[in-house]
Amino acid sequence: MLQDIYTTRGESLIGTPWTAYPRPQIKRDSYINLNGNWDFSVTKPEFTGKTIVVPFCPESLLSGIHQHFEEGEQLWYRRSFVLPENFNRGRVLLHIGAADQLLQCWVNDVHVGNHSGGYESMTFDITEAIARENEIRICTIDDLRNQSFPY
């Protein structure tokens, strides 16, 4: 059963969450924060207007979804973005702060990586897939019946 509990900080949250660079001591010149509203779909990558606020998990109030899903269901996320004109196009890395348990990621329909595990960050080199206008799609599967992963 999900509870409707906010922290004081959660109650006052407006706009895009956590816009500050995550590691200021090693800040890069080119950086785009992709937190905020993403398209969201369950089971099929058919997006019909439902959105989720990233980086919050779907079960949380702050995500805007506030729902628990069946074990093993696919949760799909999609976000479009445009690279600024002055964006340094050396190696372009996509950092995902956490996902549980299985994750697949595509950029512009190019599969850029998989991840398995729980509660840890991952990084994908998306240099070969990136363009000026971009779409990221992520599929996650969480199944607590599979005890080979931490939970």
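This report covers backbone features and salt bridges of one predicted model.

Local features need pLDDT of at least 70 and side-chain atom pairs count only at pLDDT 80 or more, while totals for chains, interfaces and linings use all residues. Residues are numbered from 1 along each chain as its sequence is written, and side-chain values use heavy atoms, with hydrogens and water left out.

**Backbone**

The peptide bond from Asp 100 to Gln 101 is cis, with omega near 5°. Gln 101 belongs to strand E4, residues 93-107 (strands, E, are DSSP runs of at least two residues, numbered from the N terminus). His 66, not a glycine, has a positive phi of about 50°; His 66 sits in the loop between strands E2 (51-54) and E3 (74-82). Asp 109 also has a positive phi, near 65°, and is in the loop between E4 and strand E5 (110-125).

**Salt bridges**

The structure holds seven salt bridges, each a side-chain nitrogen of Lys or Arg within 4 Å of a carboxyl oxygen of Asp or Glu. Buried means under 20% relative accessible area, exposed over 50%, and partly exposed in between (1.4 Å probe, protein chains only).

| Pair | Distance | Accessible area |
|---|---|---|
| Asp 39 and Arg 78 | 2.9 Å | Asp 39 25%, Arg 78 25% |
| Arg 91 and Glu 128 | 3.9 Å | Arg 91 55%, Glu 128 69% |
| Glu 135 and Arg 137 | 3.7 Å | Glu 135 25%, Arg 137 16% |

Arg 137 is buried, whereas Glu 135 is partly exposed. Shared partners join Arg 91, Asp 125 and Glu 128 into one network of salt bridges.

Notes
Helix = DSSP H or I, 4+ residues; strand = E, 2+ residues; numbered from the N terminus.
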